[in-house]
Each structure stands twice: as structure tokens, then as C-alpha cells.
Amino acid sequence: MSAEPLADPPAAPPDDRESAGFDLRHHGDAEVRGADATLTDLAVNVRAGTPPDWLKAHIAASLDALAAYPDGRVAREAVAARHGLPVGRVLLTAGAAEAFVLLARAIPARRPVVVHPQFTEPEAALRDAGHNVERVVLDERDGFRLGPAAVPEDADLVVIGNPTNPTSVLHPADAVAGLARPGRTLVVDEAFMDAVPDESESLAARTDVPGLVVLRSLTKTWGLAGLRIGYVLAEPDTVTALERVQPLWPVSSPALAAAEACCTPSALAEAARAADRTAADRAHLADRLAELAESAGVRVCGPAAGPFLLIRVEGAAAIRTRLRELGFAVRRGDTFPGLGPEWLRLAVRDRATTDRFVIALTKAIADTTA
């Protein structure tokens, strides 16, 4: 891995993300498209049974104003109030994925570093913007946990997920904040933090960490992946820089209505209850998978904090194919830098679904190793 930054780097070629050794643009939704939509979905980390009826009704009511251009002021104020921040530290985006593109275009990084394994869009966006991206790959033997000396001192842009997709690791807030340095932009992807009880280890409300940029998504907990709504929390100068490279009216009126609604006290209370249920359902999934540790060699990465689990099992590719035949879609792990073909990611579902899945997984393993 070269430590030399590119001077005025050219735009990355279209196949650059493939030459990097991983398909960075493969995501869980590819497992459940078209005819595969009938599969029981453990591939996509959107909470099942969402959006709730009250949120759908609120979004539908916004349709009467579609003739007017979107006005994000009220939604922006709602997000700021939700985190106890000034409005100038908030930027609304068309999902967290757009924020990665804006950062790649607006931040003049000379030595950008992405901490892996994690969501691959940050690296893909940086590469597409012409950056020479370095990878810091966390070690499975350490539970994919962040070490204090993992990131090069002269890295001026660092991206890390918390809790991390796909490992489900929740890094201590102090350890993540400790990555901040003068002249460094520290990007923390907190897309799944609202699925963590009490949002422990979040940096969203912190204003004392220099160069901190926190990304949030409303699509996971509320089932709004098709609506595209997220936001950036950062220093006002950074927000202004990102806004300059953002298209006009990037967030639709229905998405703005959703953002406002999801920041109300009643919505936050509902999200907190959902996080508690997810934690209990995740524990049930981990316990059931542990039953297969000795007999089938299934190893669960943990302790886990997100609404998904990462497992390692030999022959995972064949097992994943067999699971599809048995009616279940799971996320392949070999598109994440730092992982390989023996990894699968499983979204947390209710206990009945988990019990059905474990029966299918047991059969898939037996069928592929016979």
C-alpha cells in the first residue's frame, strides 16, 4: 500500500473499484431483487415491518405540497434539536450514501484512509473522485476492534463506521474520538447508531472533537431506504463546503417530512423501544447460531451491537446458494475488504424467523458438506 499521495489525481477509471480487489458497489439489496424479492430477507439491514403506519400517513400528507420546491429549514431545525446542536452544524442529504460522495468531492484530502471491514461506499466514492485510498484492515483475531496505532499519523481523512457494518462492532466513543488530529477530517458513519440501545458510544452531539463529521441515516430503523434521507453533523465550515458541491434541492419534500417526523419525542421513544427489541432478537440469533459452532463450524463475530451479525463458516458461498433454494437471502461477505469467501452477514429478525432460518442453515450446511 503506497504512502505517497497523488498530486492532482486524475479521475479514477470506471473499473478502479474492481481493480481494488473487491466489488465495492455490491450491497445487500442485490440479493432480493426481482423474483428474489419473495425470499425471506436476512440480507438487507432495514428493520422489518417498517415504515410504521403513522409515518406513512405523515409522508403521504406531504404529497399535497409537491408543486412547491423542497424547503428543508424545518427538517434541518428538527434534526439539530434532536441532537442538541446549532442548525449550522446540520446538512440534510439524500441518504448517508450521498454524504460520502459530497465528502469525496469537497474535502481536499492528500492521504485518505478507510478503516475496514466496513460499508464500502466511502471508499468507492473516494476512488470515483480520484483519490488514492489507503486501507487500514482491522484484525479478526482482535475481534475487528480499533487499535490506538492503527491509523497513520499523517492521514488527513479517516473514515470509520460505528457500529460497523458488517462486523457489528461498537467501538468506544473515546477510542473513535481519539483518532482526531489537527488538520484531519474524521468521518464516523453512525448509520446504525439509532439501533443501539441508548445510542451509547455516539459522537453525534459532540462539538469538542476537531474535524469531526458524523453521518446518520433514517432509512434503517424507519424502513425508508426507498425515500433516501440522512444527514451530516459537522463544523459549520465543513457543512458549507459540502453544501457547495451538493445539487440544488437534493432532498425531496416527502423525505424532509419524514426527517421532521422521525425527530419528534414520540418517534425517538419508538426507536428506542425498537433498539431494545433488536438487541433481544440479536441475542436470540447469536444463541441459536452458537448451537452450530461445534457441529457445523459456525463462528459468530462478537460481541455484536448492530442489527446484524457476521458469521464465518467454511463453504459459505455454496451455503448461501443453498439457502436461497430453501427460501432465505443472506449477505455475502467477500465484497468487504478484510473479509473473504467464508463470511456471511445476517440481518436480525424476529425470533420465529430466526428459528426457521437456523433450521434452513443447518440443512444448507449438511447438504453442501455431504
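This is a predicted model: local features need pLDDT of at least 70, side-chain atom pairs count only at pLDDT 80 or more; totals for chains, interfaces and linings use all residues.
## Basis and annotated region

Residues are numbered from 1 along each chain as its sequence is written. Local features need pLDDT of at least 70, side-chain atom pairs count only at pLDDT 80 or more, totals for chains, interfaces and linings use all residues, and side-chain values use heavy atoms, with hydrogens and water left out.

An unreviewed UniProt entry places the feature "domain: Aminotransferase class I/classII large" at residues 40–359; such annotations may be inferred rather than shown by experiment. Over residues 40–359 the chain is 37% helix and 17% strand, with the end C-alpha atoms 13 Å apart. Helices (H or I, at least four residues) and strands (E, at least two) are DSSP runs, numbered from the N terminus.

Buried means under 20% relative accessible area, exposed over 50%, and partly exposed in between (1.4 Å probe, protein chains only).

Leaving aside neighbours within four places in sequence, phenylalanine 144 is in contact (heavy atoms within 4.5 Å) with residues including Pro117, His171, Cys301 and Trp343.

## Helix 5

In helix 5 (residues 121–128), 7 of the 8 residues are buried, including Glu121, Glu123 and Arg127. Just after helix 5, glycine 130 takes a positive phi of about 95°.

## Salt bridges

The count of salt bridges (a side-chain nitrogen of Lys or Arg within 4 Å of a carboxyl oxygen of Asp or Glu) comes to 29. Arginine 299 pairs with glutamate 140, the closest N and O atoms being 2.3 Å apart. This pair links strand 9 to the loop between strand 4 and strand 5, 159 residues apart.

Arginine 312 and glutamate 342 also meet in a salt bridge (2.8 Å, N to O). Arginine 312 lies in strand 10 and glutamate 342 in the loop between strand 11 and strand 12, so the pair ties together parts that are 30 residues apart in sequence. Arginine 312 is partly exposed at 25% relative accessible area, whereas glutamate 342 is buried at 15%.

## Surface and loops

Leucine 248, in the loop between helix 8 and helix 9, is exposed at 67% relative accessible area. Leucine 326 lies in the loop between helix 12 and strand 11 and is partly exposed at 26% relative accessibility. The C-alpha atoms of leucine 326 and alanine 360, 34 residues apart along the chain, are separated by 6.5 Å.
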